[in-house]
Amino acid sequence: RVAFIGAAYAEYTVTNASLCFKVPDGSAPEEVTALRVSGLTALVALERTAKIMAGDTMLVTAACGATGSFAVQLGKLAGATVIGTVGSEEKRKVAEDLGCDRVVNYKQEDLSAVLQHEFPKGLD
């Protein structure tokens, strides 16, 4: 089994072998898809677009979503302070376990007020 990014939603396609990678035996297709799509989306956004660095403060909305969960972990690996937003107390625990330094449940707290009060220097 192999996987690659491209030809989304196609049942069959032709591509260059150098763009493919072997899917490890026992891997669930949804995990491979999440890693390739959501993981790469978070990686490109943080490394190439935002150029996140150690000491930066970043906000991840939907911190427990597919791309958000990768962004939280990648931000922490880069040495950033990570603020994550969630919509429930159950997700608060997940976001904390992912590595968020501060979790804001936007149904219980005003995100703008939290940012102004706790992070007066703003976000990077």
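Predicted model: local features only at pLDDT ≥ 70, side-chain atom pairs only at ≥ 80, totals over all residues.
User: In what order do the three strands of the open sheet stand, and is the pairing parallel or antiparallel?
Analyst: Strands of a sheet pair through backbone hydrogen bonds, either parallel or antiparallel. Here β3, β4 and β5 make up an open sheet. The twist from one strand to the next averages 20°. The order is β3-β4-β5, and the pairing is parallel.

User: Which strands stand at the edges of this sheet?
Analyst: An edge strand here has a single partner strand, so one of its sides is left without a neighbour in the sheet. That applies to β3 (57-60) and β5 (102-105).

User: Which residue of β4 is the bridge partner of methionine 58?
Analyst: Strand β4 covers residues 81-86 and runs parallel to β3, with four bridges joining the two. The partner of methionine 58 in β4 is valine 82.

User: At about what angle does helix α3 run to β5?
Analyst: Two helices lie across strands of the sheet. Helix α2 (residues 66-78) lies across β3 and β4, at about 170° to β3. Helix α3 (residues 89-98) lies across β4 and β5. Its angle to β5 is about 165°.

User: Is asparagine 105 buried or exposed?
Analyst: Asparagine 105 sits in strand β5. Its relative accessible area is 2%, and the cut-off for buried is under 20%. Asparagine 105 is therefore buried.

User: With which side chain does the side chain of asparagine 105 make a polar contact?
Analyst: Leaving aside neighbours within four places in sequence, asparagine 105 is in contact with Val86, Gly87, Ser88, Glu89 and Arg92. The polar contact between side chains, at 2.9 Å, is with glutamate 89.

User: How far apart are the end C-alpha atoms of helix α1, against the span its 21 residues should have?
Analyst: Helix α1 takes in residues 29-49, and at 1.5 Å a residue it should span 30 Å. The helix bends by about 25° at glycine 39.

User: What covers the buried residues of α1?
Analyst: The buried residues of α1 are Val32, Ser38, Gly39, Ala42 and Leu46. The covering elements include β1 (2-3), β2 (21-22), β3 and α2.

User: Which residue just after α1 takes a positive phi?
Analyst: Just after α1, a phi of about 55° is found. The residue is lysine 51.

Technical notes: Residues numbered from 1 in each chain as written. Heavy atoms only, no water. Pairing = 2+ DSSP bridges. Axes fitted to C-alpha atoms, helices over the stretch in contact; angles between N-to-C directions. Contact = heavy atoms within 4.5 Å. Buried < 20%, exposed > 50% of the residue type's maximum accessible area, 1.4 Å probe, protein only. Polar contact = N/O pair within 3.5 Å; in protein donor to acceptor, adjacent residues only side chain to side chain. Expected span 1.5 Å × (residues − 1). Bend = angle between axes of the 7 residues up to and from the residue.
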